Amino acid sequence: MIEQKSYPLDGGGLYLVPTPIGNLEDMTVRAIRILKEADYIAAEDTRQTKKLTNHFEISTALLSYHEHNKYKAGKELVEKIKAGAVVALVTDAGMPGISDPGEDLVTLCLEEKLSVLSLPGPNAAITALVASGLSTKSFLFIGFLPRGKKERKLELERLQKQTDTVIFYEAPHRLNQTLQAIYDVFGNRNIVLARELTKRYEEYNRGTVEEALEWIKTGQVKGEFCLCVEGYNGENQEAETEWYDALTDIQHVKHYVELGLSEKEAIKQVASDRGLVKRELYQQYHEAKK
């Protein structure tokens, strides 16, 4: 167990500083102060962050840290912190580390036993969830689904029996195919489409997946979307039968293998889907291969 005493910060450290997801009034007084006092601000897009720092008259030096340079830039930031610097990490909007490479920088710092401090602040997933009308007792944040059709289907199949509310992010140009994939695997569940959160054109559309597919034919499909999907309750599938009921156990395993899982992973997943004993399914599968 490694103990971290956050206050007072002894030497250098990494601050995770949330920034507004649309409305600049959501910037906290503390966040502004930390950005002003830090030695460096590590930003996903320095051009975007420059607009924010100019607005709040923050003159701290900006350094680039994003998905494409995170290995090299991450090591350089760690060295600065080890030398006593305070680095404030920001993403383009929202909480650093959520659907961006901030997670990797946190890991690097903790591996070096450096202090990591997180400020509370704006986050699109939580903002959408609490206003969705769906259950907030427990939820699962996924972020962006895989872009590939097979990979996306496999991920949704993994989540099909998830009883918690499931939250996804999606870009407008992929919204139609993502909703169709959710409908094909999850069935016609309740869903909430939240877009342009905290901005002038903020909009919530609440209904079923089927209604959402109809809405996008005439609705305003612009801006980033946050999808909150009702969890599985045993009644919200299109039919009582499972998608794999038409397959044999072996065909079910082969289906997952074709989607990219190893044979071991596929057998484990099928055993979970069908309530089978993994060891027995393993023997059955390999006997069928002979």
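This is a predicted model: local features need pLDDT of at least 70, side-chain atom pairs count only at pLDDT 80 or more; totals for chains, interfaces and linings use all residues.

Trainee: What makes the bond between Tyr-7 and Pro-8 a cis peptide bond?

Mentor: Look at omega, which is about -5° for the bond joining Tyr-7 and Pro-8. Most peptide bonds are trans.

Trainee: What is the phi of Ser-99, and where does Ser-99 lie?

Mentor: Ser-99 has a positive phi of about 55° although it is not a glycine. You'll find Ser-99 in the loop between strand E4 (86–90) and helix H4 (102–111). Thr-198, also not a glycine, has a positive phi near 70°. Thr-198 belongs to the loop between E8 and strand E9 (203–208). Most residues other than glycine have a negative phi.

Trainee: How do you know whether Ile-81 is buried or exposed?

Mentor: Buried means under 20%. Ile-81 comes in at 2% relative accessibility, so Ile-81 counts as buried. Ile-81 is part of helix H3 (residues 70–82). Beyond residues up to four places away in sequence, Ile-81 touches Gly-12, Gly-13, Leu-14, Val-87, Cys-109 and Leu-114. Gly-12 is 69 residues from Ile-81 in sequence, but their C-alpha atoms are 4.8 Å apart in space.

Trainee: What makes a set of residues a nonpolar core?

Mentor: The largest nonpolar core has 22 residues, and Leu-156, Phe-168, Leu-179, Ile-182, Leu-193 and Leu-227 touch the most other members. Helix H7 (175–186) is among the elements that supply at least two residues of this core, and H7 gives the largest share, seven residues. As for Leu-179, its contacts include Ile-191, Leu-193, Val-209 and Leu-227, leaving aside neighbours within four places in sequence. There's also a second, separate core of 18 residues, which includes Met-27, Ile-34, Ala-38 and Ile-58.

Trainee: Why is one space called a cavity and another a pocket?

Mentor: In a cavity a 1.4 Å probe fits but cannot get out, whereas a pocket is an open set of points. The largest cavity holds about 40 Å³ of space. Its lining is Glu-44, Tyr-65, Leu-89, Val-90, Thr-91, Asp-100, Pro-101 and Gly-102. The largest pocket holds about 860 Å³. Of its 32 lining residues, the closest to the centre are Ile-21, Asp-92, Ala-93, Gly-94 and Glu-224.

Trainee: Which element gives the most to the lining of the largest pocket?

Mentor: H2 does, with four residues. By class, that lining has 15 nonpolar, eight polar and nine charged residues.

Trainee: How do you know about the "Tetrapyrrole methylase" domain?

Mentor: That label comes from an unreviewed UniProt entry, where the annotation covers residues 14–212. Such annotations may be inferred rather than shown by experiment. Over residues 14–212 the chain is 39% helix and 22% strand.

Definitions and conventions
Residues are numbered from 1 along each chain as its sequence is written. Side-chain values use heavy atoms; hydrogens and water are left out. On a 1 Å grid over the protein atoms alone, a cavity is a set of points where a 1.4 Å probe fits but cannot get out, and a pocket is an open set with protein on both sides within 12 Å along at least five of seven lines; lining residues have an atom within 4 Å of a point. Grid points are joined across faces, edges and corners, and a volume is the space filled by probe spheres set on the points. Ala, Val, Leu, Ile, Met, Phe, Trp, Tyr, Cys and Pro count as nonpolar, Asp, Glu, Lys and Arg as charged, and the others, Gly among them, as polar. Buried means under 20% relative accessible area, exposed over 50%, partly exposed in between (1.4 Å probe, protein chains only). Contact means heavy atoms within 4.5 Å. A nonpolar core is a set of buried Ala, Val, Leu, Ile, Met, Phe, Trp, Tyr and Cys residues joined through side-chain atoms within 4.5 Å.
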